[in-house]
Amino acid sequence: HTVYAAEGMHVIVGVREAEDGPRVWVYNHKRQTYLYLLVAVFFLLLILFGRKKGVHAIIALLFTTAILIFVLIPLIFHGYSTVPVSSICAIIALVVSFLVIGGFEKKTLVAILGTICGILAAGLISFIFSRLTRVSVVNLEKGSQIVYMALDYQIKVKGIMYASILIASLGAIMDVAMSISSSMQEIYELNPAIAFQELFKRGMNIGKDIMGTMANTLILAFMGGSFSLVMLLWGYNMSLRQIGNLPFIAVEVVQGIAGSIGIVLTVPFTAFMACMLYLKKRRKSL
């Protein structure tokens, strides 16, 4: 298993009983303790600097993780259609997360509506272009193994790429939606007489600064996940035509760009929702 061990090191071993006694081999390094420590440090920093909001963020994170692991994945393994199930689970996760972190406020509702529009747009773009580029779950990392596993279960593999993009882009889209919603609420409270067009314009101006950095963050996240692959392609001196038509490159491009499009579209969606809800009472009085 190419696990290099030394005296005093904690390792995981495999034991096979045989007629001449047990056969023992080093299976892997013991890593879980350090992973737990890393998570504990993260939670501690959230509580230390975020106080009550930090605790709420931890609760939201644990709920989202539970939804994805204990609800979405079992439903997929039981044969439910991946696209609607992943969409519903993502919406439930974002609604609960926003309510836990932001409370029952108008800005929270705006952020929820903007995020739903953004992630569904990202999912739709990924679904369309995965069909056009003819990439599927087989081209994802460990995708072929999932296809073989689907033979033993009732997994519908067609929507797995849609689900992976939805999950990957959810956090960034939530961040964009809440930033715009909160900022526009502050603008409205400073000037309740502001016109619809002016408030929308201010929201779009705020969004322009946010969308560039967040889209960059999403692209870099996908790039970082496949950095070793990019190094291999560079080492093989492949031409741009070869690289552009490789299926796993198409997967990375579709994932990264679809998520970034979702971020870009979240800006006008959220700005419009904010104008509609923040100026709702004034429109009724008119």
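Which residues in helix 2 meet which residues in helix 5? In this predicted model, T82, V83, S86, S87, A90, L94, S97 and F98 in helix 2 meet I160, Y162, A163, L166, L170, M174 and M178 in helix 5. Contact means heavy atoms within 4.5 Å. The residues of this contact divide into 11 nonpolar, 4 polar and no charged. Ala, Val, Leu, Ile, Met, Phe, Trp, Tyr, Cys and Pro count as nonpolar, Asp, Glu, Lys and Arg as charged, and the others, Gly among them, as polar.

Residues are numbered from 1 along each chain as its sequence is written. Local features need pLDDT of at least 70, side-chain atom pairs count only at pLDDT 80 or more, and totals for chains, interfaces and linings use all residues, while side-chain values use heavy atoms, with hydrogens and water left out. The chain averages a pLDDT (the predictor's confidence in each residue, from 0 to 100) of 85. Of the residues, 95% score at least 70. Confidence is highest in helix 1 (residues 32-77), at a mean of 92, and lowest in helix 10 (residues 280-285), at 60. Helices (H or I, at least four residues) are DSSP runs, numbered from the N terminus.

Axes are lines fitted to C-alpha atoms, for helices over the stretch in contact, and angles run from 0 to 180 degrees between N-to-C directions. The crossing is right-handed. A crossing is right-handed if the near helix is turned clockwise from the far one by less than a right angle, and left-handed if anticlockwise.

Helix 3 packs against helix 9 (residues 247-278) at about 150°, with axes 7 Å apart. Helix 3 is thus roughly antiparallel to helix 9. This crossing is right-handed. The contact has 17 nonpolar, 8 polar and 2 charged residues.

S126 lies in helix 3 (residues 106-132). S126 counts as buried, at 2% relative accessibility. Buried means under 20% relative accessible area, exposed over 50%, partly exposed in between (1.4 Å probe, protein chains only). Leaving aside residues up to four places away in sequence, S126 touches Y162, I165, V254 and A258.

W234 is found in helix 7 (residues 227-235). W234 is exposed, with a relative accessible area of 73%. The C-alpha atoms of W234 and Y27 are separated by 33 Å. Along the chain, these two are 207 residues apart.

Technical notes
Helix = DSSP H or I, 4+ residues; strand = E, 2+ residues; numbered from the N terminus. Parallel < 35°, antiparallel > 145°, perpendicular 65-115°, else oblique.
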